[in-house]
Amino acid sequence: MKMMELEKMVFVVDDDEAMRKSTQLLLSAGGLKSTTFGSADDFLHFYTPDKPGCLIVDLTMPGMGGIELVRQFRKREWHIPTIIVSGTGTIRTAVEGMKLGVVDFLEKPADPDSLLQKVRAALELDERQRRLASDREPIAKKIGLLTDREREILQMLVRGLASKQIAAELGIAMKTVENHRANLMHKMGALNSADLTRMAVTGGIE
């Protein structure tokens, strides 16, 4: 199923049933669809990375809390935008969360307008990340088919080096560099040098 066929969802994880219900009502009033979970484990068993959306999670819960849940995301290489809500958070916790990629922290009880604003921003971030990943995948496959020398030259092109500079740095003839460059254009399906550089950067070449 394609990304755009899947409905954006706000996932709410909180052990407090009343808090889950009130958050879901607020999101619904704001025109946003949501689904709730009473524990981080329940969410981990349910979620798969193909589901677009964002996550609102309580910092402190029995068992796995919000920060530990985000650590689990990193181990699985999941990138769902996450908002942590807490009545007991500290600056240290917030800093740790930001390092792990948490997009926002909100104190309980969260201001309704602020929460909706943060959630919409997180949903937009998720959409941008998925679009970028969708663009990157086919390009990364093409880069994976390059020879070591072609990849090396591609990295130099991304750095802005001209063929003459590349030849001097690698100790090879400029004609050889030009041949590699032509092969790169063909293998990558690039329209011109600027397109080749754009594709390389999108594919993760730095």
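User: In this predicted model, how are H6 and H9 oriented to each other, roughly parallel or roughly perpendicular?
Analyst: In the predicted model, H6 and helix H9, which covers residues 193-202, pack with their axes 10 Å apart and at an angle of about 105 degrees. Angles of 65 to 115 degrees count as roughly perpendicular. The two helices, H6 and H9, are therefore roughly perpendicular to each other.

User: Which residues make the contact between H6 and H9, and how many of them are nonpolar, polar and charged?
Analyst: From H6 the contact is made by Leu 154, Leu 157 and Val 158, and from H9 by Leu 196, Thr 197, Ala 200 and Val 201. Sorted by class, the contact of H6 with H9 has six nonpolar, one polar and no charged residues.

User: What is the orientation of H6 relative to H8?
Analyst: Helix H6 (residues 148-158) packs with helix H8 (residues 174-188) at an angle of about 90 degrees, and their axes lie 10 Å apart. That angle makes the orientation of H6 relative to H8 roughly perpendicular.

User: Which residues of H6 and H8 meet, and into how many nonpolar, polar and charged residues does the contact divide?
Analyst: On the H6 side, Arg 149, Glu 150, Ile 153, Leu 154 and Leu 157 meet His 180, Arg 181, Asn 183, Leu 184 and Lys 187 on the H8 side. The residues of the contact of H6 with H8 divide into four nonpolar, two polar and four charged.

User: Is His 180 buried or exposed, and which residues is His 180 in contact with, leaving aside its neighbours within four places in sequence?
Analyst: His 180 is found in helix H8, and its relative accessible area is 18%, so His 180 is buried. Once the neighbours within four places in sequence are left aside, the residues in contact with His 180 are Arg 149, Glu 150 and Ile 153.

User: Is Ile 166 buried or exposed, and which residues is Ile 166 in contact with, leaving aside its neighbours within four places in sequence?
Analyst: Ile 166 lies in helix H7, which covers residues 163-170, and at 0% relative accessibility Ile 166 counts as buried. Leaving aside its neighbours within four places in sequence, the contacts of Ile 166 are with Ile 153, Met 156, Leu 157, Leu 161 and Val 177.

User: How far apart are the end C-alpha atoms of helix H5, and what span should its 33 residues have?
Analyst: Helix H5 runs over residues 112-144, and at 1.5 Å a residue its 33 residues should span 48 Å.

User: Where in H5 does a kink lie, and which residues of H5 are buried?
Analyst: The kink in H5 is about 30 degrees and lies at Glu 137, shortly before the proline Pro 138. The buried residues of H5 are Leu 115, Leu 116, Val 119, Ala 122, Leu 123, Asp 126, Arg 130, Ile 139 and Ile 143.

User: How many Å apart in space are Pro 112 and Leu 27, C-alpha to C-alpha?
Analyst: Pro 112 lies in helix H5 and is partly exposed, with a relative accessible area of 40%. Pro 112 and Leu 27 are 85 residues apart in sequence, while their C-alpha to C-alpha distance in space is 9.0 Å.

How values were computed. Residues numbered from 1 in each chain as written. Predicted model: local features only at pLDDT ≥ 70, side-chain atom pairs only at ≥ 80, totals over all residues. Heavy atoms only, no water. Axes fitted to C-alpha atoms, helices over the stretch in contact; angles between N-to-C directions. Helix = DSSP H or I, 4+ residues; strand = E, 2+ residues; numbered from the N terminus. Parallel < 35°, antiparallel > 145°, perpendicular 65-115°, else oblique. Contact = heavy atoms within 4.5 Å. Nonpolar A, V, L, I, M, F, W, Y, C, P; charged D, E, K, R; others polar. Expected span 1.5 Å × (residues − 1). Bend = angle between axes of the 7 residues up to and from the residue. Buried < 20%, exposed > 50% of the residue type's maximum accessible area, 1.4 Å probe, protein only.
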